[in-house]
Amino acid sequence: MSYYIGRFNRWNLWDVLSKPWQIITDIVNDFIAGNNIIIEFVAIIFLIQIFAYVIVSLLTARSSNE
């Protein structure tokens, strides 16, 4: 989700501290507007991270068995 906020809504880390309610409002507006890109983007990032985790786990397990 944080990837989405930084990439599409153009929020930065300091905005979390200075404008937290504006960020929440933008996220809620994205959901209300039926903006499917948030769901698609988060799902793609999730799948990439799961794939990377599995690959690293398999490589680590293989090297520890040798």
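Which residues make the nonpolar surface patch of about 640 Å²? I looked that up before anything else.

**Entry: ground rules.** I am working with a predicted model, where local features need pLDDT of at least 70, side-chain atom pairs count only at pLDDT 80 or more, and totals for chains, interfaces and linings use all residues. Residues are numbered from 1 along each chain as its sequence is written, and side-chain values use heavy atoms, with hydrogens and water left out.

**Entry: the patch.** I found Phe46, Leu47, Ile50, Tyr53, Val54 and Leu58. Patch members have over 30% relative accessible area and no salt bridge; nonpolar side chains (Val, Leu, Ile, Met, Phe, Trp, Tyr) are joined within 5 Å, like charges within 9 Å. Areas come from the Shrake-Rupley method with a 1.4 Å probe, and for residues only the protein chains shown count as cover. I placed tyrosine 53 in helix α4, residues 37-65. Tyrosine 53 counts as exposed because its relative accessibility is 58%. The classes are buried under 20% relative accessible area, exposed over 50%, and partly exposed in between (1.4 Å probe, protein chains only).

**Entry: the whole chain.** I counted four helices and zero strands. Helices (H or I, at least four residues) and strands (E, at least two) are DSSP runs, numbered from the N terminus. Of the 66 residues, 15% count as buried. The protein exposes about 5,500 Å², and carbon and sulfur atoms supply 68% of that.

**Entry: confidence.** I checked pLDDT, the predictor's confidence in each residue, from 0 to 100. The mean is 79, and 83% of residues reach 70 or more. Helix α1 (residues 2-7) is lowest, at a mean of 59, while α4 is highest, at 85.

**Entry: aspartate 26.** I found this residue in helix α3, residues 20-32. Aspartate 26 is buried yet has no salt bridge. That bridge would need a side-chain nitrogen of Lys or Arg within 4 Å of a carboxyl oxygen of Asp or Glu. The nearest side chain of opposite charge is lysine 19, 8.8 Å away. Lys and Arg count as positive, Asp and Glu as negative; His and the chain ends are not counted. Leaving aside neighbours within four places in sequence, aspartate 26 contacts Asn9 and Trp11. Contact means heavy atoms within 4.5 Å.

**Entry: aspartate 15.** I located aspartate 15 in helix α2, residues 13-18. Why is aspartate 15 classed as buried? Its relative accessible area is 8%. Beyond neighbours within four places in sequence, aspartate 15 contacts Arg10, Pro20 and Ile23.
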